[in-house]
Amino acid sequence: MMTLVLNEEQLMLRDSARDFLKGRAPVSHLRGLRDNASEEGFSRELWSEMVEMGWPAILVPEQYGGLDYGFTGMGIILEECGRTLTPSPLLCTSMMGAAAIVKAGSDTQRESILPGITSGERLLALACDESPRHEPHKVNTEAKEIDANYRISGRKSAIVDGHIADTFIVSAKTGNDLSLFLVPANASGVTVEPYQVLDTHYAANVSFDQIEVGKQALLGPLNSGIRTLDYILDVGRVGVSAELLGIALEAFERTIQYLKERKQFGVPIGSFQALQHRAAHLFAELEMCKSLVIKALRTLDEQADGDAELVSLTKSKLAETAHLATTEAIQMHGGIGMTDEFDIGFFLKRCRILESLYGDHYYHLDRFARQRGY
Amino acid sequence: MTDTGLFRKETRDWLEANCPETMRHPYRNEADACWGGRNCKFQSEDQKNWLKRMVARGWTVPTWPVKYGGAGLNREQAKILKEELNRIKARPPLESFGISMLGPPLLKFGTEELRQQHLPPIARGEIRWAQGYSEPNAGSDLASLQMRADDKGDHFIVNGSKVWTSYGDLGDWMFCLVRTDFAAKKHEGISFVMFDMATEGVSTRPIKLISGKSPFTETFLDNVRVEKNQVIGKINEGWTIAKYLLTHEREMIGGSGASRAGGLPVSKVAADVLGTENGILSDTVLRTDIARFEMDECCLALTMERARDEVKAGVSLGATASMFKYYGTELNKRRYELLMSIKGQDALDWEGGSNHDGFLPKSWLRSKANSIEGGTSEIQLNIVAKHLLGLPG
């Protein structure tokens, strides 16, 4: 039966991830990447250490050199990455990429890609959005069947890790339906335009100008792309939710600590009821979020088809609560929270990115209601 | 079949055979709830039989030991029973403060003699209990209570008044907080006593509420004799028991936010009343608030499930009853606000008309008490801030 607490082994994984990240990649790591104008927005050196820890192998089946440890394990690590705001390809490659290939990949695709995910050499990115707001089923990019090949044309925007990926998972119209394709970033006709987003991470807009791929590039069956895409996105949404949980908890705990230390009118400001009640309310909301994240992770592990209603509930609630936690963190820190020197602002920025990634709370509120039949 | 699978099947079969058809609908008015007690008047044969059958099975208090009238079910089985009851929308056979409030402290702190005396009649619905906690000058500051109990050897003589006694006029016995040491600090001179409300000197006066109903009374004690063998725990150490009971009271009140008490989902009511267009609720603005509410409803239910799992795994945070009470009652108030909005003009009928004599607006008004009774939302937030977050002051 599904239990909503971590077992011994999972707790050990959490502790070791926390120790590693606090030691090797605390918030100062992200600050350093920004201040040194890192071109990729993450550290290849740190990534190779994560590979040594086995993190990219978590979702990969054993026959491809992976650990086959499941989504709950991956979520635990992403939550810890949220606490330290550590940038890495874990979400896009090790979670969404691996899940996509395991779920929909052909034997050939699995053999050619999964070992590279395990070793950290392959980097994937999902190229699905085309408009400013998330509307994954509204696709203009087209794939035309020409002889034995597909010719893909279109433009995808805001692709997380789009600047480093060697392979894009691209959604494209095939007739009246959608299909997914694995497109090499170095294919002729692919133009990658990287840019920096407000939390100093990088993303890219990518144009596909009549690029040609063979039939073996199809990910999953032709014309059933929506189902696979929704699955990959749902996996990503749960991963983002886990990261948001870490961000929210860390911002909250730092704020509570500050309320105990900061004195005004001769007393700690945490003794004021106006702040206590807001903190206590936030605590309750965070407890709700913990339940959602573990439930959503366990469900990904146990139900092959996933649970769209639960995923949307989770992403919506996490987006709203992490937003509340980080904005309250700024307000309760007062003036110092507005300074660049102090770390709390980094949490606000990272949160703002993730809360809208793969659908903000408005998007998921609507999807939740639709799933419930209203 | 697994043990739990077998238990589920047996439970389902038994409920199918024994739960009368008329007991498989949500309450339509207050009289539909059965509270038992010496003066219990059943509304129907079905209501009477439903209680009788559940009592015989030990399922009014499924987790209590068999010797006290329970069925000795483990947590897993109790959960299955609850799910199966929900599945057929069965009404609770018995509403009881004896079960939800007094039972837990009596099981934990009571002597064997007291348990034998009080628990089986509670399980059978024979004795209806009332709660003597709040006083006119002791509301949120409960520990400042002043009801006076003077030591007379083998008994106390008690004087003073209580307020907000739920159904005080219908109670058979009362569990009550009294001051037994006036010199001690306020938390240290309180005792937890029980007495028969038929004892000479006990009287009640109803309090009429904004709902037009009088579910609460003031309760006056004028030289009432209370036996010393009716004290739970030690004399002057009643505050521990009072707080323990409060956590259960808060869980009960908070839990009302997680369960719909047999009612329909808010979105279902909305779809029935407002209609849908292309599968989307016609009023799209209201839809947003409904979805937000139903999400939080899921959150609370999942978090209660996680809290149970944590207890089982021995990693419980403890002291979360206040959080659940706060969250659940605020949620329940939102439920009634939404139902009032969904039903529009129809929600405003008070008497006559076709809307069950104002059951909805009366319930809406009643729900306003949820975040006051058992400790206000603000008191719960104080407790969370102090005990769970460690904030000063």
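Hi everyone. Let's start with a term: a residue is buried if 20 or more other C-beta atoms lie within 10 Å of its own, exposed if 12 or fewer, and partly exposed in between, with C-beta atoms placed from the backbone. Keep in mind that this is a predicted model, where local features need pLDDT of at least 70 and side-chain atom pairs count only at pLDDT 80 or more, while totals for chains, interfaces and linings use all residues. Residues are numbered from 1 along each chain as its sequence is written, and chains are lettered from A and ligands numbered from 1 in the order in which they are written.

Now, chain B. Helices (H or I, at least four residues) and strands (E, at least two) are DSSP runs, numbered from the N terminus. Strands pair if DSSP finds at least two bridges between them. S5(B) pairs with strand S4 (residues 173-179) of chain B in the antiparallel sense, over seven bridges; there, B:Val178 has B:Ser191 as its bridge partner. S5(B) also runs antiparallel to strand S8 (residues 231-232) of chain B, joined by two bridges, and B:Val193 stands opposite B:Val231.

Over to chain A and some backbone angles. Most residues other than glycine have a negative phi. A:Asp68 has a positive one, near 50°. Where is A:Asp68 found? Look in the loop between helix H3 (44-53) and helix H4 (71-84) of chain A. A:Asp68 counts as partly exposed because it has 14 C-beta neighbours inside 10 Å. A:Phe265 also has a positive phi, about 55°, and lies in the loop between strand S9 (263-264) and strand S10 (267-268) of chain A. Is A:Phe265 buried or exposed? With 8 C-beta neighbours inside 10 Å, A:Phe265 counts as exposed.

Last stop, the domains. The bounds come from an automatic or database domain assignment, which gives chain A domain 1 (8-121), domain 2 (125-224) and domain 3 (226-371). The centres of domains 1 and 2 of chain A, taken over C-alpha atoms, are separated by 23 Å. In contact (C-beta atoms, placed from the backbone, within 7 Å) are 14 residues of domain 1 of chain A and 14 residues of domain 2 of chain A. On the domain 1 side, helix H2 (27-35), helix H5 (90-104) and helix H6 (107-118) of chain A each give two or more residues, and H5(A) provides the largest share, four residues.

Key:
Contact = placed C-beta atoms within 7 Å.
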